[in-house]
Amino acid sequence: MSTAITFSEYGGPEVLALSQVATPEPGPGQVRIRVRAAAVNPIDVRIRAGAMQGVFPVAFPMVPGWDVAGVVDKAGEGATASVGDEVFGVASVGGYSQYAVLDRPFAKPAEVSFETAAAMVTVGEAAYRGIEHLGVQPGQTLLIHGAGGSVGTVAVQVAAARGITVIGTAAEQDTERVNALGALAVRYGDGWAERVKAAAPRGVDSVFDTSGAGVLADSVALVGDAGKVITIADPSFARHGVRFTGMDPADRFPEALPRLAALIAAGKLDVPVWHAYPLAEAAQAHAAIEARRNQGKVVLLP
């Protein structure tokens, strides 16, 4: 048996409980890790609250979380990592735990902390995926909605590193930080489209919506082509002819993870970790995200 966070009913952060669960065993090609850090993502909060019942059914008790980093302590036959290796990736079963099983472990560079490696998994893959699907080229201009958020922060840096001109919508208090990441920040809210036009007089080539803030109609009008707009956050995408990415596992880019880790190791990508909580304080971590107190990623330390 090992320690994990579970919940047995939908509700607020208080339904999260420190529990004893069966220690998972790796199958062929899998590894089991002693988890050193597990990221807390907004999707975890929504699943716990019951907001995702229609698309993500839950079998109680559930161990939440997927993004983990740690040290391999057992390897299945044919696994690509060995006992003692420091790895990160997506847990096949809940990540808020002392132990987790990974189908596809990625080597963690020594220069990257366990906290940063775990924090990067979901947001990094989503950011990389959106840019890849849009096919934005060096010299073109990309508008990123929600540039101050976790996915937006990574997307700005990845795009800027490729020689793409980035315009980022952000809250007033985030504009200085977004500018420092390599984008030209504009304030979101009413009138954002006019502010973007003023910031990019030659026009915008593509739009990546990470915010889900009802910006799709004006984004399509801005670029003149729904095919040049993609969202990871707005459920009204079909109404606007816009592509939604993230629901289909075949749509994802797991190969982005080692590339992003290499960028972090080289000092070319920053994934800020706002706060690290002990595993037992998972409820406090969820409450911080619900209250939007966090300015960066939140991780748990089993």
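**Exercise 1. Which residues do ring pairs link into a cluster with Y10?**

Solution. Keep in mind that you're looking at a predicted model.

- Step 1: Ring pairs join Y10 with F7 and F60 into a cluster.
- Step 2: Zoom out, and the structure holds five aromatic pairs.
- Step 3: Take F7 and F60, whose rings sit 5.9 Å apart, centre to centre, with 70° between the planes. Planes over 60 degrees apart count as edge-to-face, and that's the label for F7 and F60.
- Step 4: Now find the two rings along the chain. F7 is in the loop between β1 and β2, F60 is in the loop between α1 and β4, and the two are 53 residues apart.
- Step 5: Check the burial. F7 has a relative accessibility of 1%, so it counts as buried, while F60, at 38%, counts as partly exposed.

**Exercise 2. Work out how the rings of Y128 and F253 are arranged, and what parts they tie together.**

Solution.

- Step 1: Remember that a pair of aromatic rings is described by the distance of the centres and the angle of the planes.
- Step 2: For Y128 and F253, the centres are 6.1 Å apart and the planes are at 55°, so this pair is tilted.
- Step 3: Y128 belongs to helix α2 and F253 to the loop between β13 and α7, so the pair ties together parts 125 residues apart in sequence.
- Step 4: Both Y128 and F253 are buried.

**Exercise 3. Which rings have the charged end of K108 or R34 over them?**

Solution.

- Step 1: Start with K108: its charged end sits over the ring of F114, 4.6 Å from the centre.
- Step 2: Then try R34, which lies over the face of Y99 at 5.6 Å from the ring centre.

**Exercise 4. Trace the salt bridge of R32 and the network around it.**

Solution.

- Step 1: The whole structure has eleven salt bridges. In one of them R32 pairs with D73, and their closest N and O atoms are 2.9 Å apart.
- Step 2: R32 lies in strand β3 and D73 in strand β4, so this pair ties together parts 41 residues apart in sequence.
- Step 3: Compare the accessibility values. R32 is at 10%, so it counts as buried; D73 is at 29%, so it counts as partly exposed.
- Step 4: Another salt bridge joins D174 and R177, at 3.3 Å between the closest N and O atoms. D174 is buried, with a relative accessible area of 12%, and R177 is partly exposed at 31%.
- Step 5: Back to R32: salt bridges with shared partners connect E25, R32, D73 and K74 into one network.

**Exercise 5. Where is D234, and how far away is the nearest side chain of opposite charge?**

Solution.

- Step 1: Look in the loop between β12 and β13 to find D234.
- Step 2: D234 is buried yet has no salt bridge. The nearest side chain of opposite charge belongs to R239, 6.6 Å away, and a salt bridge needs the atoms within 4 Å.
- Step 3: So what does touch D234? Leaving aside neighbours within four places in sequence, D234 is in contact with D209, G212, G214, V215, L216 and F244.

**Exercise 6. Which residues of helix α8 are buried, and what covers them?**

Solution.

- Step 1: The buried residues of α8 are A282, A283, A285, H286, A288 and I289.
- Step 2: Here's a handy rule: an α-helix has 3.6 residues a turn, so residues three or four places apart point the same way.
- Step 3: The cover over the buried residues of α8 includes β1, β3, α1, β14 and β15.
- Step 4: Just after α8, R292 takes a positive phi of about 55°.

Conventions. Residues are numbered from 1 along each chain as its sequence is written. This is a predicted model: local features need pLDDT of at least 70, side-chain atom pairs count only at pLDDT 80 or more; totals for chains, interfaces and linings use all residues. Side-chain values use heavy atoms; hydrogens and water are left out. Helices (H or I, at least four residues) and strands (E, at least two) are DSSP runs, numbered from the N terminus. Buried means under 20% relative accessible area, exposed over 50%, partly exposed in between (1.4 Å probe, protein chains only). Lys and Arg count as positive and Asp and Glu as negative; His and the chain ends are not counted. Contact means heavy atoms within 4.5 Å. Rings of Phe, Tyr and Trp (its six-membered ring) pair if their centres lie within 6.5 Å; planes under 30 degrees apart count as stacked, over 60 as edge-to-face and the rest as tilted. A charge sits over a ring if NZ of Lys or CZ of Arg is within 6 Å of the ring centre and within 35 degrees of the ring normal.
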